[in-house]
Amino acid sequence: MASSRNQCEGCPEITCISTKEVLQQDIAKNVVTAYDRIQRRGMSACLFGSGGTCCRHCNMGPCQIIDGVEDMIGICGATADTVAARNFGRICAAGTAAHTDHAREMVKGFIATAKGEGPHEIKDVRKLHQLAEVFGVETEGRDKNEIALEIGELALADFGKQDDEPLTMTKRAPAKRQELWKRLNIFPRGVDREVVEMMHRTHMGVDQEYHNIMLQASRCSLGDGWGSSMLSTELTDIMFGTPVPRRAIVDLGCLKEDQVNITVHGHEPLLAEALCLAAQEEDMLALAKKAGAKGINLAGVCCTGNEILMRRGIPVAAGFVQQEMALATGAIEAMVVDVQCIMQSVAEVAKSFHTDIITTNYRAKMPDSVHIQFEEHDAIGSAKEILKKAIANYKKRGDCFIPEETKLDVVVGFSHETINNMLGGTFRSSYRPLNDNIINGRIRGVGAIVGCDNYKLADDTHERIARELIKNDVLVLATGCAATSLGRAGLVSPHAIEHAGPGLREVCEAVGMPPVLHMGSCVDNSRILIAATEMVREGGLGDDISDLPAIGTAPLWMSEKAIAIGQYFVASGAQVVFNNLPTTGAKEFNNYLLEGMMDTYGAVWNVASGPEEIAKLMIERIDAKRKALGIDKQRERVLFDMAMRRDLGGGKAIGDAGCTGASHHES
Ligand code: MSK
């Protein structure tokens, strides 16, 4: 039965149907969500914090600094620009640290796999050999596990190396970009060192010049994008399979009334993969049946969700802003969490239901939760212990409400390799057709919509930006919770081509792909770097990433990781648009981000408010790049005949590319 719970005042309007439906139920009436906390807080965010000029780096303060007011500098004399740059640099360091620690766990899991410890295996041998070339590892006549072990050990050593040699993975960047990094002396070295140096340089009394601080912020963030994140993506693909197109579903309607529902929330896919394997085993299914359930239904939340969605077609129940709503259905037996983006409030929400919050990583414990340490060397054993705990809860389930209508079909799995194969065909995979279609104007450019959800802004922001972009023939690449949100909006599906402009529609129809391509989790933004590099390498669109008619946005950024991602995109030559930046209290520094960086990197941060304004700005930037490349003249549109379709897509449609049905586990 539904209560008359209202939309909270002071919050942006909730448009998400599943969220609204769940919050209106009587069973959810005692659930306090982030929307409620925003309303209850009853005050706007701190001006100094928002503007980046609150300095608490020493005990003479904290100092709240007002730009241009002589008496309002730090006790040490630090200006608003220095303080905002230091704070910004520390955000980049925190984001990089999160991705790096994630990557380190994946490398350790990869080494264990190569040694035959644990349940996983080296699945993508082709990609293993490609990575071997990057690391200079001999492949001729060697066993895949032997090659993997050598790569794993070299990769592990890369994090903490002390010499000044660049991180191994950075050699994949376009040559011209590498020359620029060399000239600026910002080639990332051991990424642990870059984080440490960023923290040191922003300590009281060290680096006091914002251009110089930002050089290190770039080096640190590049170590994230081209180092940690890229390494994590590649090793995860090699172990668990490089994603190929597959159908799946997203949204809260994927929960099942007659099954044990377990959501996996966080980021590192080692645990989630082990749960997927263990949930298929006879003893676990028998246990679920004994408890009265028809099966075990795994579903993802946040980026762990995106990892198993991309590779296994396991549904994603919720993105970041829906984590509390998922619990408020009353239908979840356990929410299994590891690291990053897990709100402390989930333990409080779970108290209203039979749900256990199960923490699994010694680095991330929570009050009012159960801890079951995930042991990599006994991955299936750990997974089964977790599953048993969840299954035991099934009988305790009380009233629940699953918004069954909210189940959206998506087609996911657009790794860089998939795009390459779909456009060029398996035997001559290449970005040539994409480049040609950008040059001839059918595709105006590429827009990446990435990053988090955020309660402070309208929950349909991603959707509205994407609709504008595809209507204007901009191909959209999506990752992270933005991709989940676009899935909920029905745009990560071939059916969405009806919303695309005529040129983009022609290409998508010919190839059989959606106009919004789901490329994975937030770590998988590295796939976008590789795709951009391939476009440069293919030719015809300039000789650096900064020449491409491409731009990214993280309009609802929430996490520090999003700022590190933004900075590695800008330092790689790709422009980004954010809704706001925590630098507005420092005029000169803010202008440096918005304008001055163009001279250094050929790209800048942009700020625009509201989805339509963001989309407009993205299209303007894309058009400016087209003009600079001399491809701005509208070409005559030619309808595709069969020969052209074959030429474009190698006759390949989604079904041919390996699309499978959703593979979540049922008895
Ligand atoms: S989970 S970092 S809210 S994308 Fe990657 Fe989503 Fe942002 Fe967390």
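In this predicted model, the ligand lies between domain 3 (251-396) and domain 4 (410-555 + 610-629), because both domains give residues to the shell around the ligand. This shell counts 13 residues, of which His267, Cys303, Cys341, Cys481 and Cys522 come nearest to the ligand. Two helices, H12 (302-312) and H19 (480-488), are the elements that give two or more residues to the shell. As for its site, the ligand sits in the second largest cavity.

The structure holds 46 salt bridges. One of them joins glutamate 194 and arginine 219, with the closest N and O atoms 3.6 Å apart. This pair links distant parts of the chain, as glutamate 194 belongs to helix H8 (residues 191-201) and arginine 219 to helix H9 (residues 210-240), 25 residues apart. Glutamate 194 has 0% relative accessibility and therefore counts as buried; arginine 219, at 7%, also counts as buried.

Glutamate 146 and arginine 142 meet in another salt bridge (3.1 Å, N to O). Here glutamate 146 counts as partly exposed at 41% relative accessibility, and arginine 142 counts as partly exposed at 23%.

A further salt bridge is found between arginine 537 and glutamate 534, whose closest N and O atoms are 3.2 Å apart. Both residues lie in helix H21 (residues 525-538), and because they are 3 residues apart, about one helical turn separates them. Arginine 537 counts as exposed, at 53% relative accessibility. Elsewhere, salt bridges with shared partners join Lys127, Arg172, Glu234, Asp237, Glu307, Arg311, Glu417, Asp524 and Arg527 into one network.

Key. Residues are numbered from 1 along each chain as its sequence is written. This is a predicted model: local features need pLDDT of at least 70, side-chain atom pairs count only at pLDDT 80 or more; totals for chains, interfaces and linings use all residues. Side-chain values use heavy atoms; hydrogens and water are left out. A residue is near a molecule or strand if one of its heavy atoms lies within 4 Å of it. On a 1 Å grid over the protein atoms alone, a cavity is a set of points where a 1.4 Å probe fits but cannot get out, and a pocket is an open set with protein on both sides within 12 Å along at least five of seven lines; lining residues have an atom within 4 Å of a point. A molecule sits in a cavity or pocket if more than half of its atoms lie within 2 Å of its grid points. Helices (H or I, at least four residues) and strands (E, at least two) are DSSP runs, numbered from the N terminus. Domain bounds come from an automatic or database domain assignment. A salt bridge is a side-chain nitrogen of Lys or Arg within 4 Å of a carboxyl oxygen of Asp or Glu. Buried means under 20% relative accessible area, exposed over 50%, partly exposed in between (1.4 Å probe, protein chains only).
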